[in-house]
Each structure stands twice: as structure tokens, then as C-alpha cells.
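Visitor: I am new to this structure and would like to learn how to read it. Could you take me through it slowly, giving the general idea before each case?

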Amino acid sequence: MQPQIRPAVMIMATIVGIPHFAPDPDTCAQNCVVEGANLSTARISASGYSVTFERAGPAGGGPGHVASESRIFLLANETNYQMFNLLNQELAFDVSLHYLECEVNAALRFVQMDPDGGLSKWPKGAGAKYGAGYCDSKCPHRPFLNGQANLVSDAGACCNEMNVWAANTISTVLTAHPCSVSGFHECVGSECQSGVCDPDGCDFNPYRLGDPRFYGRDSTIPNDDFTVVTQFITNDSTSTGTLTEIRRSYLQNGQVIQNSKVQLPDVDPYDSITESFCAAKASAFGEPTTFQDMGGLAALSKAMAGGMVLTMSFNDGPVQDMLWLDGNYPPQANATKPGVVRGPCQPFAAPIGLPVTATGTFSNIRFGDIGSTLPRPTPTRPPSSGQTNYGQCGGEGWPGPFECEPPFTCVAISPPWFSQCLP
């Protein structure tokens, strides 16, 4: 059976807001109007099997800089998101990043949202068609929550998250974010801060892990167009097994490039996300055991089995928002402490106020069985002028020519071991 390879259909994006005059959720529900976003206004364009996010204007977090975020989701139809089970699957997509310098992030993630955006639970909600029901491991505050206007400043929406790709032209990271809860979960107060999810996750950032020359300018993976390949390995190599490893590779100019290896003192040279890698990294960096406490890969595995939603976003955050990706984080931490340096960027690293058009394009999204999205080597045969009468022309392990000079024909004498040119 051939593996299922499905191209992406780029649809849907929603920007919603709450009038400040709405005193309570019910009044706001009567006064507010939810409508689809204008993609051109959001600087998102789709063509064929690709979608491009664009940021144009002042960069660098200085005067005139306005933080922004654009987010889109993949729909199966007018009422439901497309659901993905990534277990024992391989996901690949093409990436093209231009002028995405410090403090900008183009991301592709999977989150455990409800297929209908929560409409069946909360009929007053907007549903998947309008990008509703968003949640992730950081339990973000959402303008609408559980089908109502969210007027509580410390209420958020939590769920399992698999951050497959977060990057600019400086740094990149692959991160698994498990939660102790399953599905969409509303949090309030301290519960939103590492109470039910791991917001930091178990991350694989080559720069942070001691290999600053793997990704970025003049590196192993330069900033030209390339393909990102991610494999989700299970303990029994089935789609019903338990996730045990998340493996990364790249394809550029027809060449498969394996992931960077950890280059830290007293840490094994891991090149993928596993439970042992996550534990070793946390120990080396002095991090809390939140990943393990929230269930680790096993918890994320359950979320994948139930289906997750594909979302792509483009973030141009405030000064320190992207340092977790490309700079020193936490910003006040000692840069000599292991794990603090995640890239070379510093606050206000980009030229302040310089009008620069930055774009990030995702295209040709496909998935299937392990190994199905990578190119298969084409068997090559040595050059031949052709064999003459009685010359060998084939057979198991035969390194010579496979053709016969006319009028002779290659005949299998003792298949599959020996073939010979005969009249």
C-alpha cells in the first residue's frame, strides 16, 4: 500500500477583537461581530500549495515598531479543522525565509484543538471557520474563550503542542510541549503558568546545544530554500504505538542533511528528541523537570493519537519576545551559564526603524509513512557498450553491463543469479 501524501490547502485565518466598552461576556456577545480576516490586510498570501507571511515596516523593536502576529489554520471543510495523527509518520515541508532577522519567527505547529473549534461545546462560539478554539502549551489569553468573550485578564487556553518549526534566518528550534490535561483546557491564574502544560518544552536548538555553525548564515544549513523533514517514531512502529523519538533531517539541493548533534560537555551526542535527551538537557542546563512532570512524550503521544490541528504563524514580537529563539534567554541571565545563549541576537539587534520586507513561506506540506517524503536513490547502471554472444548481462550482484549488442538478447538462464546474451 502506498503511503498517503497529502498536499496542504491553504485556507482560513481569523482576526477577532472585543470592544472595550463591553462590560461582561453576555453583553459583548450581543454587541460583537466576528468576521473573517482580510488576508491581504494581514499580509498573508496563498498560491497553489504555498502560503507566505510578510512583515513590512520598521524592525528591531525601537521607535515605530509594532508587535504583530498572524496565524492561520488548515481546514478539512467549512466547519472542521483538518486533524493529523503524526504517530509513526513523517512530515515534510519546504521553507523559504527572506530577511527574517532577529526578533522575527516563522512557525509551523500542531496543537490539540477541538476539530470544530469548540462549536459543539459552545454553540455561541464562532467555530473552526473563523479560527476559533485556539490553544497551546503557553495557555495564552484568548479574546474569545469557551464561546464567550474573555474579559478575564488571567484566563487562558491550554493544550498539548508540537512545535515542529520555529525559526528565522538566525536560529531554529524543534520543541515538544506536553500537558497533563487532554484537549482544550481553560485555565485561570497560576494554573496558566506551568500548572497543566510545559510552556518551555523539550527543545532541540542546535545553537543552544553547542553547534552554532549548523544553521544560519554560512552554515551547514544556509538560508537558501530547503526542506524540513520530521519523523515521529513509535515504540512499535505503528500509528497506535507510543511516541519515543522525534527525529529531524533536512533536504537541500537534492542532498539529505542529518540533524546536528549535541556538543556539550558530559552530554551524549544526541541528534533527536527522546526522553533521555530531554532529561540530559535539563540536567546540563539546570532546568526544572516540567517536561517529565507533564507526562513527557507519552502525554504528547496521546494527544497525537486523538488528532491535532496544523497552524502556521508569523510573529514579530516586542524586544525580548524572540530571545528564547535567537538570543540570550532569560535576558538577565549570565551568558556563561549553559543553555542561556540560543543565538547571537541581542535586543534591538536589527536596525531600528529600517523599512525591511521580511517574508516566510511554507509550501508543499506532505506526510506519510516513515521514509516516504525523502527522495529515493535512483539505481544507476555502469556505462556499457553492450555484451556480445554468450556474455553475461545480468544477475544478482552483477556489476557489469546489462545490455546486449544486436542481434543478441539478454536471457535469464538461472534467475535471479545469471543472465546471458544469446542469439
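Guide: Let us begin with burial: a residue is called buried when its relative accessible area is under 20%, exposed when that area is over 50%, and partly exposed in between, using a 1.4 Å probe and protein chains only. With a relative accessible area of 7%, F84 is therefore buried. Please keep in mind that this is a predicted model, in which local features need pLDDT of at least 70 and side-chain atom pairs count only at pLDDT 80 or more, while totals for chains, interfaces and linings use all residues. Residues are numbered from 1 along each chain as its sequence is written, and side-chain values use heavy atoms, with hydrogens and water left out.

Visitor: How many residues of strand β10 are buried?

Guide: Strands (E, at least two residues) are DSSP runs numbered from the N terminus, as are helices (H or I, at least four). Strand β10 covers residues 161-167, and seven of its seven residues are buried, so the strand is largely enclosed by the rest of the structure.

Visitor: Which strand is joined to β10 by six bridges, and which by five?

Guide: Two strands pair if DSSP finds at least two bridges between them. Strand β6 (residues 104-111) runs antiparallel to β10 and is joined to it by six bridges, with W165 of β10 as the bridge partner of L108. Strand β11 (residues 172-177) is also antiparallel to β10, with five bridges between them, and here A166 has V173 in β11 as its bridge partner. Four residues lie between β10 and β11, which form a hairpin.

Visitor: How many aromatic pairs are there?

Guide: A pair of aromatic rings is described by the distance of the centres and the angle of the planes. Rings of Phe, Tyr and Trp (its six-membered ring) pair if their centres lie within 6.5 Å, and planes under 30 degrees apart count as stacked, over 60 as edge-to-face and the rest as tilted. By this rule there are 13 aromatic pairs. The rings of F53 and F314 have centres 6.0 Å apart and planes at 5°, so this pair is stacked. Because F53 lies in strand β2 (residues 50-57) and F314 in strand β18 (residues 308-316), the pair ties together parts that are 261 residues apart in sequence. F53 counts as buried at 1% relative accessibility, and F314 does at 3%.

Visitor: What is the arrangement of F84 and F110?

Guide: F84 and F110 form an edge-to-face pair, 5.3 Å centre to centre with 70° between the planes. F84 lies in strand β4 (residues 83-84) and F110 in strand β6, so the pair ties together parts that are 26 residues apart in sequence. At 0% relative accessibility, F110 counts as buried.
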